[in-house]
Amino acid sequence: MVKPIYKSNDATELLRNAESILLKMTTNSDLFSEPVPSLTTLEGQLNAYRDAYAEARFRDKRAVILKGQKGKDLQETIYRLSHYVDAVAKGDEAVIVAAGFSFTRPTTNRIGRTPQAENLRIENVQVGTGILRVRVKPWKHARLYQFEYRKRGTEEPWTSILHSNSMLEIRDLEMMYTYEFRVSYLGTDTTTNFSDIVNALVV
């Protein structure tokens, strides 16, 4: 069964792809009645990234950092929309194209189930900041990494963060509490396969 895909090799291509998806899903709203995330969210993040992209042309360090952050937000939204389109299309190539996405057909050589994430490590960035740096062994086929955490010994739901890199800094954690962490690769197969849980004390 064919599935929607997106790939942006640079900032210009990311902008072009996001604009195309927004335009086509808006035009074909009869096919995509309740997109998740909403097209309002996509439009807001597209505008924010467009503004950050323009500011970053002046080589201001802060502007370049903001451009990267806004780009990751936009990529995550497009990634989540691709799953919505996949659910609506059910393998229909015409519906996928109507949403502004390309599609791919599975081949006999395609990667199977996503492997379990390996070598999860957590460290305090600096004592007293409440920031933990979370790393996992990279997987070359990962499109995104799904990091999750919660306080140890509670029944709180996991807080989930999708990130494009295998390293993530998590901020604003409560001091002197132990948190538990897990992570999953997300590749062609988007079924999560979480790592072993690792605990870390925020100091």
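A polar contact is a pair of N or O atoms within 3.5 Å; within protein, one must be able to donate a hydrogen and the other to accept it, and residues adjacent in sequence count only if both atoms are side-chain atoms. The model is predicted: local features need pLDDT of at least 70, side-chain atom pairs count only at pLDDT 80 or more, and totals for chains, interfaces and linings use all residues. Residues are numbered from 1 along each chain as its sequence is written, and side-chain values use heavy atoms, with hydrogens and water left out.

**Ser184**
- A polar atom of the Ser184 side chain lies 2.8 Å from the backbone nitrogen of Asn193.
- Ser184 sits in strand β8 (residues 178–186); strands are DSSP runs of E, at least two residues, numbered from the N terminus.
- Ser184 is buried, with a relative accessible area of 0%; buried means under 20% (1.4 Å probe, protein chains only).
- Ser184 touches residues including Ala117, Leu144, Tyr145 and Phe194, not counting residues up to four places away in sequence; contact means heavy atoms within 4.5 Å.

**Open sheet**
- An open sheet of 3 strands runs in the order β3-β4-β7, with antiparallel pairing; two strands pair if DSSP finds at least two bridges between them.
- Its edge strands are β3 (121–124) and β7 (167–170), each pairing on one side only.
- β3 and β4 (residues 132–135) pair over 4 bridges in the antiparallel sense.
- Asn124 stands opposite Leu132 in β4.

Note on methods: Buried < 20%, exposed > 50% of the residue type's maximum accessible area, 1.4 Å probe, protein only.
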